[in-house]
Amino acid sequence: MRGWLMTSVALATMGSAAMAAPAPTAWQNRALTADQRADLLVQAMTEDEKITVVTGLFGSQFALPAYRRAEARPQSAGYVPGIPRLGFTPQWQSDAGSGVATQGAAPPALERTALPSGILTASTWDPAAATAAGAVVGAEARASGFNEQLAGGVDLDRDPGNGRNFEYGGEDPWLAGTMVGAFIKGIQSNAIITTIKHYAMNDQETGRNFVDVKVDQAAARTSDLLAFQIAIEQGNPWSVMCSYNLVNGQHACQNDWLLNKVLKGDWGYQGFVMSDWGAQHDTVADALGGLDQETGVGLGKTDYHVWLEKLKAAIADGRVPKAVLDDKVRRIARALIASGAVDSPVAPGPIDFAAHALASQHAAEAGIVLLKNQGDILPLAGRAKTIAVFGGHADVGVLSGGGSAQVYSPGGTAVPDPDAAQGFPHPIVYYKSSPVDGLKAGLPDAAIHYSDGADRAAAAAAAKKADVAIVFVTQWTAESRDFPLTLPDDQDSLVAAVAAANPNTIVVLETGAAVTMPWAGKVKGIVEAWYPGTNGGQAIARVLTGAVNPSGHLPISFPQKPEDYPRAKPAGLGLPEGQGFPVTLTEGASVGYKWLGKNNTAPLFAFGHGLSYTSFAKTGLTANVAGQDLRVSFRIRNTGRVAGAEVGQIYVAPVPGGWEGPKRLGGYGKAMLAAGAEQTVTLTIDPRLLATWDEGRHGWHVTAGQYRVTLASSAVDAGSSVTVTLPERWLPAGRGAALASR
Ligand code: GLC
């Protein structure tokens, strides 16, 4: 088919001329499809030009001298030279999910707007909010001269201590997939490419280059891979980044099952696969295993790469067929053409930082989670006269996550990092957005005093004299490491001292994911603000004062203790760097609330939990079969006195059980409601969420029978339920066409 298409296209392009090769720039004809243009481009390229396009260099000026290129953007992640002879664009690659990051942080760092962390965006349970946040990230990437944003992290929060959970979309495949898919759509609305990552099973950072993740294939398809599949379907990322780890004995970037069988075969993925930086390992195995672009060549002290100067020989001696290289180039070309990046070339341009900071603030306000509000201690407006604030550098800023995703918000860090000299993933960066300043602005009549809380006795004394005490606690998490769930620097003792002195104590957390809270029963208010971005201090303050009614819901469970999870500590902890080790995911697809529910273990705070300053009634649940689909409908009414947004969560389960956990999130809908207003939400449940994976028939199987549909406010909320009888249904591994009977 493709050969015919290419020939006919060549003829169409040249008219009735003899069968000469099309003009080198024939591919630029915008009347042709991206596929046709990509075919023409591949046809016009020399082998050297093809190898140029599949080889990504480390973009930063710290690259090994042989690989530095003046055309790369300063301190950027990656650069792939273009083909000037053919007018084909270079690829300028930047991290990541919170905005345009700076590699290596050597001054002056590129100052850009930091959107809230991925886990905060997921906490909005609002795809429109995710798309809006992504649109800002993509706009600043384009205005910074990048046409590839290495963003859209969707690895599941399988291990609560994973140092990169802050970058991702939580523990549930449907929530993570839909939210990250929406985020990707926002970024790509700027006619640039994203690269969804890290594919796949990269759920811990300890030994990330050497860990061999052993996972049942069906379990992978109904957990981590399902999150990728949903995000790819909904966001259409033009690239996928394969991860550092091995999966079932094979490196992810040469993993025939992951890349060729599942991604490109079953799912029909048309984009290209780039390696994580240095995740390439072998010239031929990577080329045949499904990798399309090696990246980060020149990063680090050793000169590793697998294709530059090496692929040529492998093609010459037939170990890598020419058609395999052509397919890689075609995928890259198609992505850059179809995304609009070719026809709308990126170029450094102006950025409206004020508008973007406000957009980041609104994004944060929608994802901050009110976990506890005993006695309506919150909101503060009109109540507290004296407020004692402690800890978390709340007088000057808010925390951000570390590693390649590190964005340097305008104005520099609010708190110098004493360990910055340690290098990656340092420095720890606080954005200059003070919650205390925000509180003073929002509560002009209150007397607000801040102290760092280092002296616990003095903090207790100050707390005792105040109407309300607020303790900010922080946990920095970062790429390349995993972290204990206990708050660092003994912050628990600060909370305990303040709570003992003042019963009206509120705790605000700035963490990357779940932490333990031994003091949870001793305080009246708990707010999870995650890493809230450039204007995070204002966002936190507006939630605390009540200027904003919180509407975030947890995308992860907060366990009572680490032992409640399959692994209390990450596998491989303490092993020497470079030593490979296995981690067998005995829990399979039973991740987060599914694991806790299966083991009847109560969480500290449940997946889906989140409170509001108003109240809601969720009623009128109906579930029925429409055609072959399960259609669910319910009403949400604001029964309180202030406007607010509520998330109706639909959980599904086979009445006789048999899944990886007692229930699955089947769908959700968020409604913003004025006091007294009501809205009906109607959802169609994705059939894969009602199915199990059948390896034998290589498809999804919905067993005929009774299913319970529950409308709830979290994974542990009984809510209201109905049962519905579903017919048997088979679906193909990819998108919804009927499974051919075998
Ligand atoms: C890093 C990260 C990846 C990032 C890349 C480029 O090691 O794993 O998320 O996009 O390298 O910085």
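How many salt bridges are there between domain 1 and domain 2? The count is two, a salt bridge being a side-chain nitrogen of Lys or Arg within 4 Å of a carboxyl oxygen of Asp or Glu.

The model is predicted, with local features requiring pLDDT of at least 70 and side-chain atom pairs counted only at pLDDT 80 or more, whereas totals for chains, interfaces and linings use all residues. Residues are numbered from 1 along each chain as its sequence is written, and side-chain values use heavy atoms, with hydrogens and water left out.

The chain is assigned domain 1 (25-338), domain 2 (357-548) and domain 3 (614-741), the bounds coming from an automatic or database domain assignment. The centres of domain 1 and domain 2, taken over C-alpha atoms, lie 34 Å apart. Contact (heavy atoms within 4.5 Å) involves 36 residues of domain 1 and 40 residues of domain 2.

Between domain 1 and domain 2, about 2700 Å² is buried, and carbon and sulfur atoms give 62% of this area. Buried area is the accessible area (1.4 Å probe) that two parts lose on being put together, summed over both. Of the area that domain 1 buries against domain 2, 20% is supplied by Ala114, Leu120 and Phe166, more than by any other three residues.
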